[in-house]
Amino acid sequence: MIKEVTKDITYVGCDDKTLDLFESQYIIPNGIAYNAYVIMDENIALIDTVDKRKTGEWLENVEKVLDGKTPKYLIVNHMEPDHSGSVEACIKKYPEITLVGNKKTFLFLKQFTGLDLEATSKVVAEGDTLELGTHTLSFVFAPMVHWPEVMVTYDSTDKVLFSADAFGKFGALDTDEDWACEARRYYFNIVGKYGVPVQGLLKKASKLDIQIICPTHGPVLTENLDYYLDLYNTWSTYQAETDGVFVAYCSIHGNTTEAVGKLEEILKSKTDKKVVVTDLSRCDMAEAIEDAFRYSKLIVAAPSYDAGVFPVMADFLHHLKIKAYQNRKVAIVENGSWAPTAARTMKGYLEEMKNVTICDTVVTIKSRATEDTYKEMEKLADEILA
Ligand SMILES: Cc1cc2nc3c(=O)[nH]c(=O)nc-3n(C[C@H](O)[C@H](O)[C@H](O)COP(=O)(O)O)c2cc1C
């Protein structure tokens, strides 16, 4: 796709609607966009490339925009293959091009491609600038947002931030959908562990006059930038975005499902806050992770299984742990027919997380919920909602 961003900056990225899973694990019902840009100036700069699945289309877009001219620089903000997958093809097509990156960029380029280009490239340090003619670019390092070599490029002339994967989302660009939903799923699953580095980037970005954000996935952001920056601030500080209860459950034979249905009724009778219930066996796990981070409270409900917890719940809690889930109040419901072990196992996962408060009331169902179970659920609901 070719689309004007400013008079001199053009979008030259590509939509991918046939990839089965992004990063081999995330469903992308509306595809994904690999974003890349061209800055036309006395010296022309390409900003990032695209996944090798789209090399041909990207090179065609670039050629059309260049209109017979030759690019001077290729700026590599991020070495992950969905953005650097066409660097080799670019060098082949434009052998005179100078790559711009940092020390780690060239280390990773060598690892991924075997190309040792550090000596013949422009190696930049934090805050370095590059004059293209009218446009002045500066390089702001964003290590661990979400790889160590990541930098973002700021064009002070057009006040554009090329933000690498920050502010990206799932979904091809011709998709008409809400930004936050797929940006949040992208953020918590891919960047979420790195809240502190994201805070570092936001601090640096706050000193820049940014009018447009050009991420490497998702739409170019041109309006109401505070909305996106505020959400990123909430997400990266692990604050809840929405006051409400997320109930994540699983069930082998349906008895926990039935009990959770009753729990949902109890919760809704006690609060006007949002109550969202998800069956972990059947939902998109990435969306369940997203919702766990989104809401202020979490209830986990699962059957005991082989002296532990049903595997899909173990998987969910493992995901939360590695994505640095923290600062939340959590309640536990377990089921078991002879020696219930789910609560103990779930507690073990939760205790490894930072600042997670586990409610004292733990509801134990013996095979099927009874009136006593519902009484316990009332207590649990009062405790988690307090
Ligand atoms: C393979 C398997 C392993 C199980 N392991 C345990 C266990 O270790 N301890 C226990 O009390 N129940 C165990 N159960 C029984 C279930 O946890 C129990 O029947 C529960 O009520 C199932 O809830 P559900 O109807 O929501 O699936 C196991 C069940 C299966 C199928």
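Why is helix α5 largely enclosed by the rest of the structure? The count of buried residues gives the answer. Ten of the 13 residues of α5, which spans residues 179-191, are buried, so the rest of the structure largely encloses this helix. A residue counts as buried here if 20 or more other C-beta atoms lie within 10 Å of its own.

This is a predicted model. The protein chain averages a pLDDT of 98, and 100% of the residues score at least 70. For the complex, the predictor gives an ipTM of 0.99 and a pTM of 0.96.

Now step back to the whole chain. It is divided into domain 1, residues 3-236, and domain 2, residues 246-385. Their C-alpha centres lie 39 Å apart. The two domains touch: nine residues of domain 1 are in contact with ten residues of domain 2. On the domain 1 side, β5 and α5 are the elements that give two or more residues. Helix α5 provides the largest share of that side, four residues. By class, the side of domain 1 that touches domain 2 has three nonpolar, three polar and three charged residues.

Next, look at the second part of the chain. An unreviewed UniProt entry places the feature "domain: Flavodoxin-like" at residues 245-385. Over those residues the chain is 45% helix and 34% strand. The end C-alpha atoms of this stretch are 8 Å apart.

How many residues surround it? There are 19, and the closest are Ser-251, Ile-252, Asn-255, Thr-256 and Gly-336. Three elements each supply at least two residues of this shell: the helix α8 (255-270) and the strands β19 (295-305) and β21 (326-336). Which of the elements gives the largest share? Strand β19 does, with three residues. By class, the shell has eleven polar residues, seven nonpolar residues and one charged residue.

Notes
Residues numbered from 1 in each chain as written. Predicted model: local features only at pLDDT ≥ 70, side-chain atom pairs only at ≥ 80, totals over all residues. Near = placed C-beta within 6 Å. Nonpolar A, V, L, I, M, F, W, Y, C, P; charged D, E, K, R; others polar. Buried ≥ 20, exposed ≤ 12 C-beta atoms within 10 Å, placed from the backbone. Domains from an automatic or database assignment. Contact = placed C-beta atoms within 7 Å. pLDDT = per-residue confidence, 0-100. UniProt positions renumbered as here; feature names shortened; annotations may be inferred.
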